[in-house]
Amino acid sequence: MTETAVIVGGGQAGAQAAVSLRQGGFTGRVVLIGDEPVLPYQRPPLSKTYLAGELAKERLFIKPAAFYDKINVERILGKTVSAIDSRQQVISLSSGQCLSYQHLILATGGRVRQLDCPGAGHPRVHYLRTLADVEAMQSEFTAGARMVVIGGGYVGLETAAVAVKHGLNVTLLVARPTPLGRVTSPEVGKFFEDVHRQAGVTLCCNTGVSAIEDDAGDGQVAAVVTDSGYRVLADVVVVGIGLLPNVELAESAGVACDDGITVDEYGRTSVGNIYAAGDCANHPNPIYGRRLRLESVQNAVDQGKTVAATICGKDKPYAQVPWFWSDQYDLKLQTAGINSGYDQALVRGDIASRSFAVFYLREGRLLAVDAINRPAEFVAARNILSKGLSVSAERLQDESIPAKALADQTDPLVTENTAPESAQLSAQSGVQKRSQSNAIKHDRVA
Amino acid sequence: MIKVTYIDHAGTAREIEVEEGVDLMDVAVDNLVPGIDGDCGGVAACATCHVHVDPAWQDKLPPMGEEEDAMLELADDRNENSRLACQLKASPELDGLILHTPIGQH
């Protein structure tokens, strides 16, 4: 009998799993099911070049249709999976169709966290997760329009940057004391705050939203009411306040979930022959010695590869350094690693020059870097982290040493112990703080 | 039209006609050239479109940017002919260009 691998989720992780199954020699049927009516596409450009109108729609697609035909991957697009019967190994689609599987990959991604206040359903309120979301706001995305962006994460900042460059009048409301508060340090957050202000964005921190009112009763203008009592008029409102992992399908099939679908280092869930990958997967990371749920292209791609390898019998435990990027104005922020729990932030370079890196350490060991227009530091940190090297704080900050050479001199005593803390991968709340409050959201993928 | 030839690790050559200005990572993906991933979509953020440019063409290429140079440090088998395909655009000067693709990206 021919084996069938069914992939639920047509985003970056799902597409990668399909490709990697074939590359790994899987000869059975591969069926990719996506609830959006289009081929898997890249989400990062949605709040960057695609929103700016600088990228053609066809360039968003991860692979052309001919590619899937060539590697014999069936696509069922625009359909939702409504149930999994894990004993019979059958899934049902909302269309009534059923499909048997021997291997089931859940790459269900996440959905946007909705604004929860009176008037949140105003027709001018938009979210930014899907191609359809961008298309829905395009007619309102015109020079001179008033835009309020709610949320100081990557999506909010990138959207504000594109909009202000496009001639919109942008107000950005950030709930935390600085932008990017969930994922970076106050220093880097403050830097981006200044950058946006200089670019002409009206940016308010420590500002929540208490209601959206319909200004003239005709659905044309939204009035965003802040918790401090201001009323900001908007022709278009974009909300970027986080992502919720899509776990309901897994949960209803009895698959263990805890801030995402719980998987082991091979991408296996608690139920046999069911795997999970990407934004929805809560996984152990041996570099940090704890569980993570990440929303990123890197994680989606690498976990797609991991589950495919497991299914192909070429088990390769997932042990990647997380990395992220964000483009705003002339700035490229590249982050390697996870800084949570850092006790020291070292700036390399001059913040005012708009080209600098911040290294985050705990007990003298590197946890992460935020590199702003400093790709060499980003690359160096990825190498240091993936090899478990120990580089001194003095060295990291010493600009007379080229970034490329930072890892050349390490402390061999500490190097033996690669995990910053215990390498124990217990399932206990191991979930890092920010992933509970919805993750390292950036370059989101489904 | 401009001709670009991709030669994969097994020695199979694919000659592709492209329009001026297109990104040679995109061309590879669209034409199912093996060994090119392009995970970041062409913004020099991932180094998964590493190619070795045929030495005869090395001098005709636009100079490498600081970002590309840094990112290439992540690539396996980097040498003096290494480039990121996403940073190369088809141009009349590159008509006939030959790119060698690796067995896989890092």
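## Salt bridges across the model

A salt bridge is counted here when a side-chain nitrogen of Lys or Arg lies within 4 Å of a carboxyl oxygen of Asp or Glu, and by this rule the count comes to 32 salt bridges over all chains. Side chains of opposite charge can pair when their charged atoms come close. The structure is a predicted model, in which local features need pLDDT of at least 70 and side-chain atom pairs count only at pLDDT 80 or more, while totals for chains, interfaces and linings use all residues. Residues are numbered from 1 along each chain as its sequence is written, chains are lettered from A and ligands numbered from 1 in the order in which they are written, and side-chain values use heavy atoms, with hydrogens and water left out.

One salt bridge joins the side chains of Glu135(A) and Lys57(A), at 3.2 Å from N to O. Glu135(A) belongs to helix H3 (residues 131-137) of chain A, whereas Lys57(A) sits in the loop between strand E2 (29-34) and H2 of chain A, so this pair ties together parts that are 78 residues apart in sequence. Helices (H or I, at least four residues) and strands (E, at least two) are DSSP runs, numbered from the N terminus. Glu135(A) is partly exposed at 36% relative accessibility, and Lys57(A) is partly exposed at 35%; in these terms buried means under 20% relative accessible area, exposed means over 50%, and partly exposed is in between (1.4 Å probe, protein chains only).

## Pairs within chain A

Lys190(A) and Asp194(A) form a salt bridge with an N to O distance of 2.7 Å. Because they are four residues apart in helix H5 (residues 186-198) of chain A, about one helical turn separates them. Lys190(A) is partly exposed, with 39% relative accessibility, and Asp194(A) is partly exposed as well, with a relative accessible area of 29%.

Another salt bridge links Arg268(A) with Asp264(A), whose closest N and O atoms are 2.8 Å apart. Arg268(A) is partly exposed at 35%, and Asp264(A) is partly exposed at 22%. Beyond such pairs, a network of salt bridges links Arg348(A), Arg374(A), Glu377(A) and Glu399(A).

## Where the two chains touch

The contact (heavy atoms within 4.5 Å) takes 25 residues from chain A and 21 residues from chain B. The area buried between the chains, which is the accessible area (1.4 Å probe) that two parts lose on being put together, summed over both, is about 1,900 Å², and carbon and sulfur atoms give 56% of it. In chain A, the residues that lose the most area to chain B are Arg59(A), Pro375(A) and Val379(A), together 24% of what that side buries.

The rule finds four salt bridges across this interface, and a salt bridge between Glu73(B) and Lys404(A) has its closest N and O atoms 3.8 Å apart. Among the elements that give two or more residues to the side of chain A that touches chain B are helix H1 (12-23), helix H7 (297-311) and helix H8 (375-387) of chain A. H8(A) gives the most to that side, with six residues.

## A buried strand in chain A

Eight of the eight residues of strand E27 (residues 365-372) of chain A are buried, so the strand is largely enclosed by the rest of the structure. Two strands pair if DSSP finds at least two bridges between them. Five bridges join E24(A) to E27(A), and these strands run antiparallel, with Leu333(A) standing opposite Ile372(A) in E27(A).

Strand E26 (residues 355-362) of chain A is joined to E27(A) by seven bridges, again in an antiparallel arrangement, and the bridge partner of Tyr360(A) in E27(A) is Ala368(A). E26(A) and E27(A) form a hairpin with two residues between them, and Glu363(A) in the turn has a positive phi of about 50 degrees.

## A buried glycine

Gly267(A) lies in the loop between strand E18 (261-262) and strand E19 (274-276) of chain A, and at 5% relative accessibility Gly267(A) counts as buried. Leaving aside its neighbours within four places in sequence, Gly267(A) is in contact with Ile274(A), Tyr275(A), Ala276(A), Thr306(A) and Val307(A).
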